[in-house]
Amino acid sequence: MNVASRALVGDTIPAPAPMRVLPFNSPLRAIPGIDRVSRSRIYPRGAVVFHEGNIARGVYVLSSGRVKVSISSADGKKLIIRIAKAGDVLGLYAGLTGRPFEATAEMVEGGRVDFISRTDLLNLMGRQQSFSADLVEMFSRQFSEFVDNTRMLLLSGSALEKLARLIVRWGRDFGERTSEGLRVQVLLTQEEIAQIIGASRETVTRLFSALKRDKIIRVKRDALWIRDSDALASLAQLAP
């Protein structure tokens, strides 16, 4: 197996590497000694960090890049439940309990991922009782993201409303202010966007065309500009 092939095989503990500091916005950074036990690895776009159903041996912190977290049905249908950004903890529940991963994490943008083994993490947490509140906050944040995604899928009235909600969320999480509007780098294909909102690729293509025609968004290559935030919020059934 060559190096490129090995990079795409997930669920492996990264080889020891020089110690690096976790992202400033990672809640795990608050644990004294966490940087001494973390192991860094650079993953290319498309690499799988861990697979749904495989036993977890620790937790992962996304230090740079973005990751899509997805679940699959028995018949092979895939649903993307979140896009993780730098600082996010991946596989938290499974990593702490030693249970199988509930989802698959795949890089949609190359970046650095830090691995902390379950044994090391529990040992450090045992010495730092005050971290329990931060842990509860992490679980709460991830549950809130799950609820938001479920609400978008099950309670939104149409595919257009779901797509508008998704773009609003991307603008909030990843947006960059420019003279042309809020710029969002789009790293997903239309097929993957369809997997997020539970629609067909053809529907997503048609809806993007309508939003561009109405000058609500502008799309060029892998970037999207939100040109009319109020109109987008109205389509998403959100207060502007």
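# Reading strands, rings and helices

Visitor: How many bridges join β1 to strand β8, and in which sense do these strands run?

Guide: Strands of a sheet pair through backbone hydrogen bonds, either parallel or antiparallel. Here β1 and β8 (residues 111-117) run antiparallel and are joined by 5 bridges. Two strands count as paired if DSSP finds at least two bridges between them. Strands (E, at least two residues) and helices (H or I, at least four) are DSSP runs, numbered from the N terminus.

This is a predicted model, in which local features need pLDDT of at least 70 and side-chain atom pairs count only at pLDDT 80 or more, while totals for chains, interfaces and linings use all residues. Residues are numbered from 1 along each chain as its sequence is written, and side-chain values use heavy atoms, leaving out hydrogens and water.

Visitor: What is the order of the strands in the open sheet?

Guide: The open sheet has 4 strands in the order β1-β8-β3-β6, with antiparallel pairing. Its edge strands, β1 (39-43) and β6 (89-90), each pair on one side only. Helix α4 (residues 118-127) packs on the sheet and touches β3 and β8. The direction of α4 makes about 70 degrees with that of β8.

Visitor: Is β8 enclosed or open to the outside?

Guide: Buried means under 20% relative accessible area, exposed means over 50%, and partly exposed is in between (1.4 Å probe, protein chains only). In β8, 7 of the 7 residues are buried, so the strand is largely enclosed by the rest of the structure.

Visitor: Where does Ser63 lie, and what does it touch?

Guide: Ser63 lies in the loop between β3 (58-62) and β4 (66-72). With a relative accessible area of 14%, Ser63 is buried. Leaving aside residues up to four places away in sequence, Ser63 touches Pro23, Ala86, Arg112 and Asp114, where contact means heavy atoms within 4.5 Å.

Visitor: How many aromatic pairs are there in the whole structure?

Guide: A pair of aromatic rings is described by the distance of the centres and the angle of the planes. Rings of Phe, Tyr and Trp (its six-membered ring) pair if their centres lie within 6.5 Å; planes under 30 degrees apart are stacked, over 60 edge-to-face, and the rest tilted. A search of the whole structure finds 4 pairs. One of them is Phe50 with Tyr60, tilted, at 5.5 Å centre to centre and 35 degrees between the planes. Phe50 is in strand β2 (residues 48-50) and Tyr60 in strand β3, 10 residues apart. Phe50 is buried at 4% relative accessibility, and Tyr60 is buried at 3%.

Tyr60 also forms a tilted pair with Phe101, at 6.4 Å and 50 degrees. Phe101 lies in the loop between α3 (92-97) and β7 (104-109), so this pair ties together parts 41 residues apart in sequence. Ring pairs link Phe50, Tyr60, Phe101 and Phe115 into a cluster.

Visitor: At what angle do helix α6 and helix α7 pack?

Guide: Two packed helices are described by the angle between their axes and the distance between the axes. Helix α6 (residues 159-174) and helix α7 (residues 190-197) pack at about 105 degrees, with axes 10 Å apart. That makes α6 roughly perpendicular to α7. Axes are lines fitted to C-alpha atoms, for helices over the stretch in contact, and angles run from 0 to 180 degrees between N-to-C directions. Angles under 35 degrees count as roughly parallel, over 145 as roughly antiparallel, 65 to 115 as roughly perpendicular and the rest as oblique.
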